[in-house]
Amino acid sequence: MRSDSNVTSERANFVTHLECGATGERLPANEIHNLSPAGKPIIVRYDLEAMGRTLDRDELDRRPADLWRYRELLPVRHASDIVSLGESATPIVHLSSAAGERVYVKDEGRLPTGSFKARGLCVAVSMAKSFGITKVAMPSNGNAGAALAAYGARAGMEITVFCPTDTPEINIRETLIHGARVERVDGYIDDCGRRVAEGREREGWFDMSTLKEPYRIEGKKTMGLELAQQLDWTLPDVIFYPTGGGTGLIGMWKAFQELEQLGWISGVLPRMVAVQATGCAPIVRAFESGAPHAERWENAATLAVGIRVPSAIGDFLILEALRASNGFALAVDDDAIVSARDRVARSDGVLLCPEGAATYAAYEQAVNEGRVAQDEQVVLFNCATGLKYPL
Ligand SMILES: *Cc1c(COP(=O)(O)O)cnc(C)c1O
């Protein structure tokens, strides 16, 4: 075993405590948690001052380029608890077909299981392992369930995934091949979430639903850390993120605050743009009405199933990040998504997933509406490999 691996080397941990994302109530870090006592997502806090004294950002360049190089900013205490499939840093690819000169896609489709759900779930499963959890359940529109099945298999856990009946077959097959149990539910992802909640006591499941445990945010946060490091500790002017439950958007915004506190980045933070589909746009509606929370979206419909999330428990955190960053929320329709996917595939050779294509369509719309200037540096997130969507 190479001693310079991020996964096997000694670990330092700087977690001080957890806190409720709504009330700020402090919670102990060394216990199993789902939602806070107020029923809201829980956020992990670190002693960034102490971390800054022992770690400098140039040290990160000398480590292997994967997610675990940010180990001091992650909650896993012991290297032996890490469940990893090789979460390599993902490339930032320039798109010459775009209206602006400086438009890039961060291609998260290169991660294990072909989507960025791997980032959240490798950290959440590692933490579950550290607490001795052996049975896990979650609702999923496809990619999260597949990633949980893969990491769960590696950790020797018993996994149950609830999917809407129209979840892409390719994701369901992938999940089953990893040995997970899959239950199809006639409804949306929040209906699936209710099934997890109902079975929790009876089956002894740990509920790993989006934002209903503290650690998937920490894994997704590494998108923001990685982006900053790849851009030599600068950040783009605007980030377009396909928003379902919002874990990645909330996580990246948290990453930027932490990097600021460490003094590793300075200047104006990126405007965060939440991209949704016109057939399911609860965050866009709430953003535009100035509301602090989003109402459930009824009869949700879009081919971009990864962002078909009628109600998000972290809605207030998404909206806070959009407003604090001077960003906004935008919805695009399925025709615009397919058209964007086809144009980028033909002219740039990049096969975006539908959700990634939605960010490109939203970028075009934002430029047309004068909300983003053509000379601004923009990063779009392609959250899964286009190969998973033989549409
Ligand atoms: C899960 C998923 C999203 C939404 O991610 P969140 O962080 O939960 O908002 C977007 N695109 C794809 C491909 C996904 O699998």
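**Close-up 1. Asp232 counts as exposed, at 60% relative accessibility.** This is a predicted model. The cut-off for exposed is over 50%, so Asp232 passes it. Asp232 is part of the loop that links helix 7 (216-230) and strand 10. Its phi is near 55°. That is a positive value in a residue other than glycine.

**Close-up 2. Thr113 has a positive phi, near 65°.** Thr113, too, is a residue other than glycine. Look for Thr113 in the loop between strand 5 (103-107) and helix 3 (117-130). Is Thr113 buried or exposed? Its relative accessibility is 15%, and buried means under 20%, so Thr113 counts as buried.

**Close-up 3. The ligand sits in the largest pocket.** Around the ligand are 18 residues. The closest are Lys117, Asn143, Tyr241, Gly244 and Gly246. Strand 10 (238-242) supplies at least two residues of this shell. Helix 8 (247-262) also supplies at least two. Sorted by class, the shell holds seven nonpolar, eight polar and three charged residues.

Close-up 4. How much of the ligand's accessible area does the protein cover? On its own, the ligand has 390 Å² of accessible area, and the protein covers 96% of this.

Methods. Residues are numbered from 1 along each chain as its sequence is written. This is a predicted model: local features need pLDDT of at least 70, side-chain atom pairs count only at pLDDT 80 or more; totals for chains, interfaces and linings use all residues. Side-chain values use heavy atoms; hydrogens and water are left out. A residue is near a molecule or strand if one of its heavy atoms lies within 4 Å of it. Accessible areas come from the Shrake-Rupley method with a 1.4 Å probe; for residues, only the protein chains shown count as cover. On a 1 Å grid over the protein atoms alone, a cavity is a set of points where a 1.4 Å probe fits but cannot get out, and a pocket is an open set with protein on both sides within 12 Å along at least five of seven lines; lining residues have an atom within 4 Å of a point. A molecule sits in a cavity or pocket if more than half of its atoms lie within 2 Å of its grid points. Helices (H or I, at least four residues) and strands (E, at least two) are DSSP runs, numbered from the N terminus. Ala, Val, Leu, Ile, Met, Phe, Trp, Tyr, Cys and Pro count as nonpolar, Asp, Glu, Lys and Arg as charged, and the others, Gly among them, as polar. Buried means under 20% relative accessible area, exposed over 50%, partly exposed in between (1.4 Å probe, protein chains only).
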